[in-house]
Amino acid sequence: MLSVGIFNAYYPYTLQESIARIKRDGFSCVQLDLAFKDMDLAPESLTRDKCRVIRDAFRDANLPIVCISGYTNLIHADPVKRRRNVQGVKKILEFARELGSPYVVSETGTFNTDSDWVWDPRNGTEEAYEETCRQLEELAKFAYDHGAVFLVENYVNNVIGSVDQVARLFADVNHPGLGLLMDPTNFFTDDNIDRVDETLNRIFNMLGDRIKIAHAKDCKRAEDTGEKHAAIDASESHSFRGAGAVELPAPGLGELNYDLYLQRLAKLHPNIPIIIEHLDETDIPRAKAFLDGKLKQAGV
C-alpha cells in the first residue's frame, strides 16, 4: 500500500506542534522541510545534534521522514548565489542520514534572474543542459559519498523539464547517487495539458524505474498566465502555484487523472510514499480525503 504524507512546512509551527498537527490529520510519513519556528536550521547552522533532535521527534511520533527538501536554484545565473545554493544542498546531503532519510530533493533551476520558477531563453540551450548536467553529476557523486541520494524534481520552466530531458539526464548521469522525485504535474505545458493520459503513460514508460518518492498535487489550464503564489506562511517553493499556461493547485482541484497516476505508480512501486502539496492548512483534510479515496478505489 502507498503511504500518504505531507510536507511539514504546511504546518508553520514549532517542531512538536507541527508533529502533533500532522498526526492529528492522519498522515503516516513526511517530507521534511528544515523549517520550524523554534529552531535555526539554515544550512550554516545545521548540526548533527539538531538533526538528531528532529529525527528522534518524528520517530517518537511514528512519522517516518521519507525525504528532505533542499529546494533551490542550482544553476543560478549569479555565480555567487549558485555556489551558496549548491553548498546549502551539500550540507543537507551531508546530514541526510542523521535526519532519517537518504533522499534530498531539489529542482534543477533556471537562468531567469527574477524568479526561480520562470522560463529563460538560455534554459533551452545545449550549453545550459551540459552545465546543469555537470552540476547534477557533482551532487550525485557527493550524495553517494555521504550515503545519500540526490533526487531531481523536474519542472517545465527549469533547464530539466520535459520527459525527454529527464530521460536524457539519467542516461548522461547514470549514477546511483541520482534519483527522480515523481511529480507528473511538473511535466505539463500548453502543448500537452489536453493530453493528460498520453503524457502520464509516457512519463512512466520512460522514467518509471528512476522514481524514489512521489508527490500529489494537480494541474489545469491557467486563466492567469503570470507567476502565481498563495498567501501562506511558507517558502516560495510551497507558496508557488504555477507560472505560464498551467496552474498547479492542490490534489483534486485540477485535471490530473489520479486513477491512472496511482495505478501506474503502485504497479511499479507498491509501497512508495506519496506526499501531498500545494495547499494551505485549511484545505489539508479535503485533499487527504480525496487522495485516500482514490487510493482505496485503486486498491493500493
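Me: In this predicted model, are Phe 7 and Tyr 10 buried or exposed?

Reply: Both residues are buried: Phe 7 is, and Tyr 10 likewise.

Me: How many aromatic pairs are counted, and what is the geometry of the one formed by Phe 7 and Tyr 10?

Reply: The count comes to eight aromatic pairs. Phe 7 and Tyr 10 form an edge-to-face pair, with 6.0 Å from centre to centre and 90 degrees between the planes. A second case is the pair of Phe 204 and Tyr 261, which is tilted, at 6.1 Å centre to centre and 45 degrees between the planes. This pair links distant parts of the chain, since Phe 204 belongs to helix α6 (residues 196–207) and Tyr 261 to helix α8, 57 residues apart.

Me: Which members of the largest nonpolar core touch the most other members?

Reply: The general idea is that in soluble globular proteins nonpolar side chains tend to be buried together. Here the largest nonpolar core has 100 residues, and Phe 58, Phe 150, Tyr 261 and Ile 274 touch the most other members.

Me: What does Ile 274 touch, leaving aside residues up to four places away in sequence?

Reply: With that exclusion, the contacts of Ile 274 include Leu 2, Ser 3, Val 4 and Gly 5, and also Tyr 261, Leu 262 and Leu 265.

Me: Let us turn to strands. Which strands pair with β1, and in what sense?

Reply: Strand β1 (residues 3–7) is mostly covered, with four of its five residues buried. Four bridges join β1 to strand β10 (residues 273–276), and the two run parallel. β1 also pairs with strand β2 (residues 29–32) in the parallel sense, over three bridges. Ile 6 shows both pairings: its bridge partner in β10 is Ile 276, and in β2 Ile 6 stands opposite Val 30.

Me: With which residue of β3 does Gln 31 stand opposite?

Reply: Gln 31 stands opposite Cys 67 in β3. β2 and β3 pair in the parallel sense over three bridges. Strand β3 (residues 65–69) is mostly covered, and five of its five residues are buried.

Me: How many disulfides are counted?

Reply: The test is one of distance, because a disulfide requires two cysteine sulfur atoms within 2.5 Å. The count comes to zero disulfides. Cys 51, for example, is in no disulfide, and the nearest cysteine sulfur, that of Cys 67, is 15 Å away. Cys 51 has a relative accessible area of 0% and is therefore buried.

Me: Which residues does Glu 98 touch, not counting those up to four places away in sequence?

Reply: Glu 98 touches Arg 48, Cys 51, Arg 52 and Arg 55 under that exclusion. The place of Glu 98 is in helix α3 (residues 79–99). At 16% relative accessibility, Glu 98 counts as buried.

Me: Where is Arg 52 found?

Reply: Arg 52 is found in helix α2 (residues 48–60). With a relative accessible area of 34%, Arg 52 is partly exposed. Arg 52 and Phe 95 are 43 residues apart in sequence, and their C-alpha atoms are 9.6 Å apart in space.

Me: Over which ring does the charged end of Arg 21 sit?

Reply: The charged end of Arg 21 sits over the ring of Tyr 13, 4.0 Å from its centre. Likewise, the charged end of Lys 288 sits over the ring of Phe 27, 5.6 Å from its centre.

Methods. Residues are numbered from 1 along each chain as its sequence is written. This is a predicted model: local features need pLDDT of at least 70, side-chain atom pairs count only at pLDDT 80 or more; totals for chains, interfaces and linings use all residues. Side-chain values use heavy atoms; hydrogens and water are left out. A nonpolar core is a set of buried Ala, Val, Leu, Ile, Met, Phe, Trp, Tyr and Cys residues joined through side-chain atoms within 4.5 Å. Buried means under 20% relative accessible area, exposed over 50%, partly exposed in between (1.4 Å probe, protein chains only). Contact means heavy atoms within 4.5 Å. Rings of Phe, Tyr and Trp (its six-membered ring) pair if their centres lie within 6.5 Å; planes under 30 degrees apart count as stacked, over 60 as edge-to-face and the rest as tilted. A charge sits over a ring if NZ of Lys or CZ of Arg is within 6 Å of the ring centre and within 35 degrees of the ring normal. Two strands pair if DSSP finds at least two bridges between them.
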